[in-house]
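Welcome, and thanks for taking a look at this one. Please have the sequence and the 3D view open side by side as you read.

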Amino acid sequence: MNKNLLLRITNALYFCALFYYGVGSVGAEVLLSHVPYKPDSGSIAVHCGVLINGLSDTTFTNKTVVIESGRIVAVEDAAYVANKSALLDLSAYTCLPGLIDTHTHIGDADFDTVDLSIYYKRTREEQFAISKTNAMKTLLAGFTTARNVGAYIGWAGRDIRDAINKGNE
């Protein structure tokens, strides 16, 4: 398997872990805080019932994605790997690369554009809270990358991006 393919699969792991640990159910945020393996933080093998790699027009069944030191190093047929990595069994699930949303307004709340004067009244802190909520909704929908195409309040997109990149949000 080529290196580009392995890199594209990387985002799938966090997405799969979200579903495995109860996203969509009541208390999902609490459950996520207890996920033992954070993305790009260690070694784990993820066994997928079905794997969509994002490049092929076919799916692959019963594949194990092997991650070492936070990087995908192999995609294997076996459910258990020789190096005794921790195994996340997602054999009942479909794994796929994280999706990319190329047109978002991450800082807009529902119906904000009905009255654009809201942007003159909203504080930067209020804007950050809305951006944080929307970023989580976007992630929980399977999008691991989002392109924010505009904001009415200066630096709103930068603030949420920087907080996420620092691991603060």
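Here is a short tour of the disulfide, a histidine and the salt bridges.

Please keep in mind that this is a predicted model. The structure holds one disulfide, and the count of salt bridges comes to five.

**The disulfide**

- Cysteine 48 and cysteine 95 form the disulfide, with 2.4 Å between their sulfur atoms.
- The angle about the S-S bond is -100°, and the link of cysteine 48 and cysteine 95 is left-handed.
- Cysteine 48 lies in strand β1 and cysteine 95 in strand β4 (residues 87-95), so the bond ties together parts that are 47 residues apart in sequence.
- Buried or exposed, what are cysteine 48 and cysteine 95? Both of them are buried.

- The side chain of histidine 47 makes a polar contact of 2.7 Å with the side chain of threonine 64.
- The histidine 47 side chain also reaches the backbone oxygen of lysine 63, at 3.5 Å.

**Lysine 63 and aspartate 77**

- Lysine 63, whose backbone oxygen is reached by histidine 47, forms a salt bridge with aspartate 77, where the closest N and O atoms are 2.3 Å apart.
- This pair links distant parts of the chain: lysine 63 belongs to strand β2 (residues 60-68), while aspartate 77 is in the loop between β3 (71-76) and β4, 14 residues apart.

**Arginine and aspartate pairs**

- Side chains of opposite charge can pair when their charged atoms come close.
- Arginine 158 forms a salt bridge with aspartate 159, the closest N and O atoms being 3.1 Å apart.
- Arginine 158 counts as partly exposed at 29% relative accessibility, and aspartate 159 counts as buried at 17%.
- Arg124 joins Arg158 and Asp159 in a network of salt bridges.
- Arginine 161 and aspartate 162 form a salt bridge too, with 2.8 Å between the closest N and O atoms.
- Arginine 161 is partly exposed, at a relative accessible area of 45%, and aspartate 162 is partly exposed at 25%.

Notes:
Residues numbered from 1 in each chain as written. Predicted model: local features only at pLDDT ≥ 70, side-chain atom pairs only at ≥ 80, totals over all residues. Heavy atoms only, no water. Polar contact = N/O pair within 3.5 Å; in protein donor to acceptor, adjacent residues only side chain to side chain. Disulfide = S-S within 2.5 Å. Helix = DSSP H or I, 4+ residues; strand = E, 2+ residues; numbered from the N terminus. Buried < 20%, exposed > 50% of the residue type's maximum accessible area, 1.4 Å probe, protein only. Salt bridge = Lys/Arg side-chain N within 4 Å of Asp/Glu carboxyl O.
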